[in-house]
Amino acid sequence: MLEAEYTGFKNEETRDVLTGELVLIYDESINAETAVGTYTETTLASGLASENYDITFVPGKITVTKIGVTASAGTARSSYLTIQLNKAVAGLTANNFAVKNGDELVTLTEVAASSDNKTYTLKGSFSTSVTYTVEITLEGTESNATHEIISEALSIKPSTGSSGGGGGGGGSVSTTYTVTFETNGGSKIDSVKVTKGNTVTEPAEPTKDDYSFDGWYSDKELTKAYDFTAKVTKSFTIYAKWTKNEKETDKPIEPDKPEWENPFTDVKEDDWFYEDIEYTVKNGLFNGVSNTIFNPNGFVTRAMLVTVLWRAEGKPQVTYTMPFDDVDIDGYYAEAVRWAASAGIVKGYSETVFAPDDNITREQIAAIMHRYAQYKGYDVSASENTSILSYIDAESISEYAVESIQYAVGTGLMKGKTDTTINPQDNATRAEIAAILQRFIEANK
């Protein structure tokens with residue numbers, strides 16, 4: 001009996017999704033009685049195949065490629081498919097993609113790549129009543145390379161401005177949720193999309209200098225270990241727990257990166273925000289309210305946050321007429337507000353009122369960081385692909401901030417106050433702002 005490895009299962013699926021036993025189609029020159037190659041996970045192959053996959057045998061491997069979803073009935077309209085690759089491939093055009101309805105080739109009107117060249121958006125006229133398959137071909141030196149599509153089941157989505165009709169239907173037959181991994185200062189773990197009812201695959205352990213990884217937890221207080229056999233029914237965050245190593249590392253401290261001598265009596269090493277405050281203070285983004293007090297639970301004003309971003313940008317000077325009558329031109333924050341207004345990063349309560357001394361709310365922070373990311377040219381596509389309806393207070397988000405909250409949640413920049421609330425109108429503390437700034441800067445290096 002031929003043994004072969006399965007590769008390409010996505011959305012946390014396993015061989016159990018196959019509705020029968022696997023059929024292998026192979027060249028007659030292959031000896032079916034002999035195992036080909038060495039495989040870490042094998043299964044005996046005979047019988048039927050799943051309707052969800054195209055499965056073929058090639059010498060040395062089996063390639064399992066996810067095919068398109070069959071959407072609810074509807075007419076052809078301007079729409080798009082989003083394809084995510086397992087590695088960055090720059091410069092793909094419509095000539096590299098073959099989108100088919102059976103044997104019929106669909107004409108693509110536009111192909112757009114994300115900033116990391118892993119996600120491609122394919123625009124065209126797709127019907128929501130059929131299943132599409134997507135193939136990628138490359139030219140030149142990579143003509144024999146394998147580029148695996150790792151996105152969830154392909155969903156057909158209307159382009160902005162297309163007619164939505166009234167009532168039933170939709171572009172996708174399945175609901176997906178975003179699972180975010182908060183490493184609490186450890187190496188970054190990318191968030192994943194999980195189809196409703198499936199489980200999350202436990203990622204590789206993150207790393208953190210001078211700490212040992214102590215597992216994933218479902219609450220930020222790290223009291224309940226996360227069960228990776230649990231079915232996913234909503235978007236949520238999993239938190240990494242760390243244990244500080246008792247033995248100090250033998251690695252010498254670099255002269256230009258000395259250990260931080262914490263001057264603040266109200267910031268302790270076991271506080272959840274300790275490393276966030278260390279990061280922002282060392283990088284000149286935040287200062288204490290005095291030489292010995294940081295006031296981590298104090299609130300942050302609108303002027304303070306704009307000043308922090310201005311410092312992060314290198315304190316640029318701009319020739320721009322100050323639009324706000326309530327900004328003191330001699331205030332410490334005046335040049336920061338002038339720069340942020342000129343770049344479209346901040347907007348006032350009105351054309352002439354900025355309210356610099358108002359405590360900033362969580363939704364205002366999301367809006368400012370979203371605009372700042374756009375100003376920097378960062379990928380903000382999470383604002384289009386993230387659902388926040390799992391938060392029971394989502395309806396309390398101001399209309400102007402909905403897309404920004406989606407961006408902040410989708411990128412892991414902002415966490416819910418609880419698993420079910422986002423608290424958009426709450427004022428943010430200095431410790432929370434420090435955490436958001438560190439996540440933003442580190443994620444966009």
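How many bridges join strand 6 to strand 7, and which way do the two strands run? Two bridges hold strand 6 (residues 97-101) and strand 7 together, and the pair runs antiparallel.

## The model and the chain

Please keep in mind that this is a predicted model: local features need pLDDT of at least 70, side-chain atom pairs count only at pLDDT 80 or more, and totals for chains, interfaces and linings use all residues. Residues are numbered from 1 along each chain as its sequence is written, and side-chain values use heavy atoms, with hydrogens and water left out.

The chain's secondary structure comes to seven helices and 15 strands. Here helices (H or I, at least four residues) and strands (E, at least two) are DSSP runs, numbered from the N terminus. Of the 445 residues, 41% count as buried, where buried means under 20% relative accessible area, exposed over 50%, and partly exposed in between (1.4 Å probe, protein chains only). Contact means heavy atoms within 4.5 Å. Among contacts between residues at least 6 apart in sequence, 71% join residues at least 24 apart.

Strands pair if DSSP finds at least two bridges between them. Across from Leu105 in strand 7 stands Lys100.

Another open sheet has four strands in the order 13-12-15-14, and its pairing is mixed. Its edges are strand 13 (192-195) and strand 14 (211-217); each has a single partner strand, so one side of each is left without a neighbour in the sheet. From one strand to the next, the twist averages 30°.

Strand 12 (residues 176-182) and strand 15 (residues 236-244) run parallel and are joined by four bridges. Thr180 stands opposite Thr237 in strand 15.

## Helix 2 and its partners

Helix 2 is mostly covered, with eight of its eleven residues buried. The buried ones are Arg302, Ala303, Leu305, Val306, Thr307, Val308, Leu309 and Trp310. They pack against helix 3 (334-342), helix 4 and helix 7. After helix 2 comes Gly314, which has a positive phi near 90°.

The contact with helix 4 can be followed in detail. Helix 2 (residues 302-312) packs on helix 4 (residues 362-376) at an angle of about 25°, with the axes 11 Å apart. Axes are lines fitted to C-alpha atoms, for helices over the stretch in contact, and angles run from 0 to 180 degrees between N-to-C directions. The two helices are therefore roughly parallel to each other (angles under 35 degrees count as roughly parallel, over 145 as roughly antiparallel, 65 to 115 as roughly perpendicular and the rest as oblique).

On the helix 2 side, Arg302, Leu305, Leu309 and Ala312 meet Gln364, Ile365, Ile368, Met369 and Tyr372 of helix 4. The residues of this contact divide into seven nonpolar, one polar and one charged; Ala, Val, Leu, Ile, Met, Phe, Trp, Tyr, Cys and Pro count as nonpolar, Asp, Glu, Lys and Arg as charged, and the others, Gly among them, as polar.

## Glu432 in helix 7

Helix 7 (residues 430-443) contains Glu432. Glu432 counts as buried because its relative accessibility is 18%. Leaving aside residues up to four places away in sequence, Glu432 touches Trp272, Arg362, Lys417 and Asn427.
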